[in-house]
Amino acid sequence: MKVDYIIVGAGLAGLSMAHLCYRHNKTFVLFDDDKRTSSKVAGGMFNPVVLKRFTSIWESQAQLDFAEVFYPETERLVNETFYHKLPIYRKFASIEEQNNWFLACDHPLTTAYLSSQLKTQQIPHIKSEYFFGEVYNTGYLDVKQFVQSYQNYLIQNNLLINEHFDFSKLNIEKEQISYKDLQAKQIVFAEGFSMQNNPFFNYLPLDGTKGELLYVKIPNLKLKVIVKSTVFIIPVGNDIYKVGATYNWQDKTDDTTDEAKSELIAGLESLIDCDYEIIDHVAGIRPTVKDRRPLVGAHYKHQNVYILNGLGTRGVLLGPYLADKLIQNIENNVPLDTNINVARYYKKLQLIK
């Protein structure tokens, strides 16, 4: 069987690449063993600014514009709804934070995304002595639903193979890639933190940051916006909320921990004053890079072997946008931005002279 692309990994990055193959009329097959993916446990919140410091994000408007077309398109394809636009209210902890917000409102890179009018109306059951600032062009993706529904669509069309990818069966030649009974022009590895087991890219500085979040039921809250404080709280329907997220740079397991649970509970209880019930507690490893920039592009030696990784905490916006950059690079020779191009590491690691 011949295809244009083999894609390894069916999380946000791999599925974004698959959908871009559809757009470009390229044939593909995905491989995923479903053992480890941060996508299914992601908070899924998207926004165009760093909510801790009120600073801008690289190519934020372009990412938003692309997502605005990409996700509704995928919803129509799989006949599901998982892309939800909701305001984010950033809760202020001090007058100093308010002042920093107003400074960001006047900054040319962030002014379009931040309301200069404080949200002073109290939200029932949420304590807010210093009020809120509203962020525009925000919302959340139900990442688990997106991943599962798109994977199911691919399985029904015989395009997703649920098995461990066996590198010993991969044969790379200049004009063709062979894997078992498949022949392809290109192979794209979009494995997230599992990249550490990939012999072609495991030398790259993918660090991995563990994140945990809670699903809680809060019948009296009736929240219609996302609130960000020390934790975020996202209404996902039926009085259920996502509460997250933690950051752990040492633990590389997918196991939930009591320490993170206690941290999330403390954050939630500092935010609300009504009863809640914990429904679920999940954990995963975000594919983060030490320089906080993605890993996109060709292998230093094999020009038909590619990586799409390092989405970090912003996978909802970065996944589709970077997949588009990669396929434009492969198919149309459009150069990759140096901020994302994996080649930035090759000279550092003395892989090329």
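In the predicted model, lysine 85 is partly exposed, with a relative accessible area of 48%. Its side chain forms a salt bridge with glutamate 68, in which the closest N and O atoms are 3.2 Å apart. Lysine 85 belongs to strand β6 (residues 83–85) and glutamate 68 to helix α2, so that the pair links distant parts of the chain, 17 residues apart. Glutamate 68 is likewise partly exposed, at a relative accessible area of 35%.

The structure holds 13 salt bridges. Another of these joins the side chains of lysine 185 and aspartate 4, at 3.3 Å from N to O. This pair also links distant parts of the chain, with lysine 185 in strand β13 (residues 182–189) and aspartate 4 in strand β1 (residues 2–8), 181 residues apart. Lysine 185 is partly exposed at 47% relative accessibility, whereas aspartate 4, at 12%, is buried because its relative accessible area lies under 20%.

A salt bridge of 3.2 Å, N to O, is formed by the side chains of glutamate 134 and lysine 119. Glutamate 134 lies in strand β8 and lysine 119 in the loop between α3 (95–105) and β8; the pair therefore ties together parts that are 15 residues apart in sequence. Glutamate 134 counts as buried, at 13% relative accessibility, and lysine 119 as partly exposed, at 28%.

Helix α2 (residues 60–78) packs against helix α1 (residues 12–23) at an angle of about 80 degrees, with the axes 12 Å apart. The two helices are therefore roughly perpendicular to each other. On the α1 side, the contact involves Leu12, Ser16, His19, Leu20, Tyr22 and Arg23, which meet Phe66, Val69, Phe70, Tyr71, Glu73, Thr74 and Leu77 of α2. By class, this contact comprises 8 nonpolar, 3 polar and 2 charged residues.

Strand β8 is also part of an open sheet of 7 strands with mixed pairing, in the order β8-β7-β15-β16-β17-β14-β18. The edge strands, β8 (132–135) and β18 (277–286), each pair on one side only. From one strand to the next, the twist averages 25 degrees. Strand β14 (residues 209–217) runs antiparallel to β18 and is joined to it by 9 bridges; valine 216 stands opposite isoleucine 278 in β18. Helix α5 (residues 258–271) packs on the sheet, where it touches β7 (88–91), β14, β15 (226–228), β16 (232–237), β17 (240–244) and β18. The direction of α5 makes about 50 degrees with that of β14.

Definitions and conventions: Residues are numbered from 1 along each chain as its sequence is written. This is a predicted model: local features need pLDDT of at least 70, side-chain atom pairs count only at pLDDT 80 or more; totals for chains, interfaces and linings use all residues. Side-chain values use heavy atoms; hydrogens and water are left out. Axes are lines fitted to C-alpha atoms, for helices over the stretch in contact, and angles run from 0 to 180 degrees between N-to-C directions. Helices (H or I, at least four residues) and strands (E, at least two) are DSSP runs, numbered from the N terminus. Angles under 35 degrees count as roughly parallel, over 145 as roughly antiparallel, 65 to 115 as roughly perpendicular and the rest as oblique. Contact means heavy atoms within 4.5 Å. Ala, Val, Leu, Ile, Met, Phe, Trp, Tyr, Cys and Pro count as nonpolar, Asp, Glu, Lys and Arg as charged, and the others, Gly among them, as polar. Two strands pair if DSSP finds at least two bridges between them. A salt bridge is a side-chain nitrogen of Lys or Arg within 4 Å of a carboxyl oxygen of Asp or Glu. Buried means under 20% relative accessible area, exposed over 50%, partly exposed in between (1.4 Å probe, protein chains only).
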